[in-house]
Amino acid sequence: MVIAVLVIYMISVIAIGWYMKSRVHNETDYLAAGGKLGVWVGGATLAATQMSAGTAIGSVGFHYQVGYNYSWIWISIWASWVIMALFIAPKMKSFFNTHRALTIPDLLGTRFESNVIRVISVIILIICFGMTIVAELVGGSYLLNVVFGLPATIGVLILAGVFILYTVLGGLFAIAYTDFLQMMIFAVGFLIAVPFAISAAGGFSVMNEKLAAIDPNIVANGMPPGTLTAVCISFFIMMIGYPIIAIRFYSIKDNKTIRRAVGVSFIFQAIIAVSVSLLGVSARILYPNLSTPDLASATIAMDLLPALLGGLLLAAILAAIQSTVSAILLMLGSGISHDIMKVVMKREMSEKQQLKVTRIVVLIMGILPIPFALNPLPLIQQIWINAAAMIGSSFAVSIFFGLYWKRATTAGAITSMVGGIVSAVIWLWLGNPFGIEAVYISVPISLLSMIIVSLLTKPVSRKALEPFFKDVGSTPSNETVMNYSKKPL
């Protein structure tokens, strides 16, 4: 029964990809679903894009290790959603409507009048999100190993084959509609598993008594406050500048629909936030000797739940993995095909040729991470935490200041992005010296670089500002904002 549920799920997502192929007629359809998604599909794809193996496997594993207080990360994530819905999404959707922008490098390259920024953005995306694809594939291979006893190599190849196939076929249309299916499975699967796990652990009160007997910190402050705060900041800044979430705003019908879609995503997130916490701590009681905490959710599915429900929970974990990886894959493919080949290299292609090239690049980008996923990795959620610091330090400041500070310049953005990611990588590589988390170093460097360098360098032209600031009137394209800068900003 477990195997049947998983097979039906994987066939279903491939079938959706095949069906949605008929709705893809051009690059805008493929990369942004034509900008036509509604509230429920839009909300589901927003939630699914955020939640991944880091949630379904990694967060359960972290709760298994440190207890309840890891749940505080959701407060920072939800705060960033509010900021995105109110301040970032409206400007991004307006830019899509007027310029048919399809990627984050599109936005940054236009705002800062720089193909260099486009190239830097694509390189950062490949580095940071390449790490996360590897983590997702490893997480999925854990699951398939528990269920089928498959070697890691076979598990990685099966997972990669499924998400590559439906992404290449249907683009964002396929991803969005499979996300809707996947989020329903994710929310229902985890929600149903919780009562079984708590009951098996002796009930909520008894479970907490047993947890306190193992380690009182599990029911109090299992993760040190300083570390937890740094993790919260990492996820907050990552979400503010999170490219795979940001480009979803291009795909949703209008600003009113975006706000409602964010509300729908909150429903899914709230269900899953509570569920992963309770499953993690209950697994600590039920299976105290797991070889790795990342096996907690899969072990509950296989060992505790009835076959049908266990299959549903395992399908939910696969759904979390595939929804995020497909979104990342499409983003990386579009960065190379659209931003590098079409815009920077100025290759002239018809709509049909562009679509074909994008599909080929998506296929290649799906294959490249596979060899790296065949090697042992640290905890999956730790990979996501490190990636969050790098992504947020690279994009959050340049996106937010680009949309809301007219004086932000090309040099300021380049310095901010490069300084942010380089400092994050170096600090992580050094092992967070003095116990200071990377985010406390990289984010201030990114922020100060943007402000100081922008104030010392030449402003961008009015033409570059017009798509993002309503009070910048139409002027000849060669007129710079130098004179305009004499007015209050």
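Reader: Is Trp 74 buried or exposed?

Author: The model is a predicted one. A residue counts as buried under 20% relative accessible area. Trp 74 has a relative accessible area of 4%, so Trp 74 is buried.

Reader: How are the rings of Trp 74 and Trp 78 arranged as a pair?

Author: Trp 74 and Trp 78 are four residues apart in helix α5, which means that about one helical turn separates them. Their ring centres lie 5.9 Å apart, with the planes at 40 degrees. Planes under 30 degrees apart would count as stacked and those over 60 as edge-to-face, so the pair is tilted.

Reader: Which kind of aromatic pair do Phe 401 and Trp 405 form?

Author: Both Phe 401 and Trp 405 are buried. Their rings are 5.8 Å apart from centre to centre, and the planes stand at 85 degrees. An angle over 60 degrees is the criterion here, and the pair is edge-to-face.

Reader: At which residue does helix α5 bend?

Author: Helix α5 covers residues 73–99 and bends by about 45 degrees. A proline, Pro 90, follows the bend within four residues. The bend is at Ile 88.

Reader: Is Trp 429 buried or exposed?

Author: Trp 429 lies in helix α18 and belongs to a nonpolar surface patch that also includes Val 418 and Leu 430. Exposed residues have over 50% relative accessible area. At 71% relative accessibility, Trp 429 is therefore exposed.

How values were computed: Residues are numbered from 1 along each chain as its sequence is written. This is a predicted model: local features need pLDDT of at least 70, side-chain atom pairs count only at pLDDT 80 or more; totals for chains, interfaces and linings use all residues. Side-chain values use heavy atoms; hydrogens and water are left out. Patches are made of residues with over 30% relative accessible area and no salt bridge: like charges are joined within 9 Å, nonpolar side chains (Val, Leu, Ile, Met, Phe, Trp, Tyr) within 5 Å. Accessible areas come from the Shrake-Rupley method with a 1.4 Å probe; for residues, only the protein chains shown count as cover. A salt bridge is a side-chain nitrogen of Lys or Arg within 4 Å of a carboxyl oxygen of Asp or Glu. Helices (H or I, at least four residues) and strands (E, at least two) are DSSP runs, numbered from the N terminus. Buried means under 20% relative accessible area, exposed over 50%, partly exposed in between (1.4 Å probe, protein chains only). The bend at a residue is the angle between axes fitted to the seven residues ending there and the seven starting there. Rings of Phe, Tyr and Trp (its six-membered ring) pair if their centres lie within 6.5 Å; planes under 30 degrees apart count as stacked, over 60 as edge-to-face and the rest as tilted.
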